[in-house]
Amino acid sequence: DVATMAAEASSTPPRTAPKSPAVDASTPTAGSVLAKSVKFVQNAFWSFLPRRKVVVRAMLLAAIAVAPFFFILMIAKPLIVLPVCATAAAIGYALNLHVEVRRQLRWMLRMSARGPVVWGYVRLERGAIWCLRKIVGERLDAEPLAPSRLWCASSSPTAVMIKWTPQLTSKLTAEVYELQVTVARSPSDLAREADLVRDDDEPHIPALEWHQVSASIRASQFSLGGLTPGAWYKARARACNSKGSSGWASCAFATKQVAIDGGGSGEGYTWTQPEEGEKGALHVRVPLPKGTRARQLQVSARVHQLQISLDGRDLVRGDFFGTIRPDETEWEVIDQSELRLTIFKDATAKAPYWPSLLKGHPEVDISHMKRPNPLEDASSNELSEMMSKILSGGND
């Protein structure tokens with residue numbers, strides 16, 4: 001009956017579509033194998049070709065080799081050569097070859113300067129100039145120009161290296177340089193270290209007593225010795241030949257101070273740094289008027305800057321040569337006549353010793369101060385602990 005047929009239909013499980021077999025993603029297909037094969041062939045093909053810079057370099061060398069024939073052909077057939085050159089230039093610009101061409105030209109110039117061709121050319125040019133001067137003499141000289149720059153390249157307590165940049169009007173001109181030196185009147189002359197002085201009389205620094213160092217220097221540098229440690233000097237140089245002398249180029253400099261307990265003196269203070277490296281303390285002493293009390297002072301020691309004021313007037317101000325730990329800074333007034341500061345350098349600083357307390361202030365010679373070795377003062381127990389830490393770190 002109808003009820004029995006409905007019950008049988010409800011008890012029959014529904015039919016499902018057959019499942020397609022699962023495809024493993026790791027299994028290579030024919031398309032992927034073909035793509036990998038094509039890519040491998042392409043990489044192999046391009047690997048046999050030279051690199052881009054090698055191709056450009058070869059093209060430049062070939063262009064240099066055929067340059068004479070190219071100019072002859074341009075004169076003979078300009079209507080053919082010029083369009084071809086324009087087309088080649090447009091193609092090179094489209095392929096961005098002009099950047100590589102400039103790079104390879106700079107490389108060729110550098111290599112040529114070191115090669116035998118340029119070396120021989122320079123020697124030949126010098127020989128020709130020497131012969132011309134022997135024959136013609138001083139008539140080849142031109143009016144000399146002042147050096148474009150004069151500076152102190154290196155300094156020690158008793159010697160400095162003075163260098164300058166010559167300005168030659170002609171390669172045929174023979175010039176010598178005159179160097180003079182004097183004691184600077186004040187430390188403020190250091191601010192004009194790179195200033196050029198063209199006036200022989202120097203009206204802004206009157207009545208300077210200049211001492212002749214040499215009047216026949218052929219090089220563009222001179223080692224000046226016999227100086228006083230920690231003193232300010234001013235040097236000037238000019239070019240001279242048979243046509244006369246140029247204007248002066250000058251600079252101011254200071255010799256380094258001899259380090260006393262690792263430190264020296266600045267304008268209004270003295271300082272020391274014991275040989276304890278970056279963990280050592282800086283001790284600063286500032287003389288004060290008699291009867292000065294602590295409440296009259298304003299002392300600010302920040303990470304990079306130091307400022308000491310008395311009743312609103314700056315006694316010492318500037319940027320530290322390195323960085324410090326400002327939270328550990330201590331200061332006190334001794335006998336109401338001297339301020340003493342204890343400043344601790346930052347242990348992460350790269351320089352264990354400072355050549356000066358503040359940037360731009362007189363420097364001390366720290367070349368004799370050796371970098372501290374943490375193993376020298378360590379006891380046997382400390383060394384064993386350090387070795388155990390190193391070994392345990394390596395095992396981990």
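Helices (H or I, at least four residues) and strands (E, at least two) are DSSP runs, numbered from the N terminus. The views below come from a predicted model, in which local features need pLDDT of at least 70, side-chain atom pairs count only at pLDDT 80 or more, and totals for chains, interfaces and linings use all residues. Residues are numbered from 1 along each chain as its sequence is written, and side-chain values use heavy atoms, with hydrogens and water left out.

**View A. Helix H7 and the glycine that follows.** Helix H7, residues 116-136, has 21 residues and reaches 30 Å from its first C-alpha to its last, close to the expected 30 Å, a span defined as 1.5 Å times one less than the number of residues. After H7 comes Gly137, whose phi is positive, near 85°.

**View B. The crossing of helices H3 and H4.** The axes of H3 (residues 52-65) and H4 (residues 67-76) come within 4 Å and cross at roughly 60°, where axes are lines fitted to C-alpha atoms, for helices over the stretch in contact, and angles run from 0 to 180 degrees between N-to-C directions. This angle makes H3 oblique to H4, the class left when angles under 35 degrees count as roughly parallel, over 145 as roughly antiparallel and 65 to 115 as roughly perpendicular. Ala63, Ile64 and Ala65 of H3 meet Ala67, Pro68 and Phe69 of H4, contact meaning heavy atoms within 4.5 Å.

**View C. An open sheet of three strands.** The order is E13-E14-E15, with antiparallel pairing, and strands pair if DSSP finds at least two bridges between them. Strands E13 (297-301) and E15 (313-319) are the edges, each pairing on one side only. Strand E14 (residues 305-310) pairs with E15 over six bridges, and Gln305 has Asp319 of E15 as its bridge partner.
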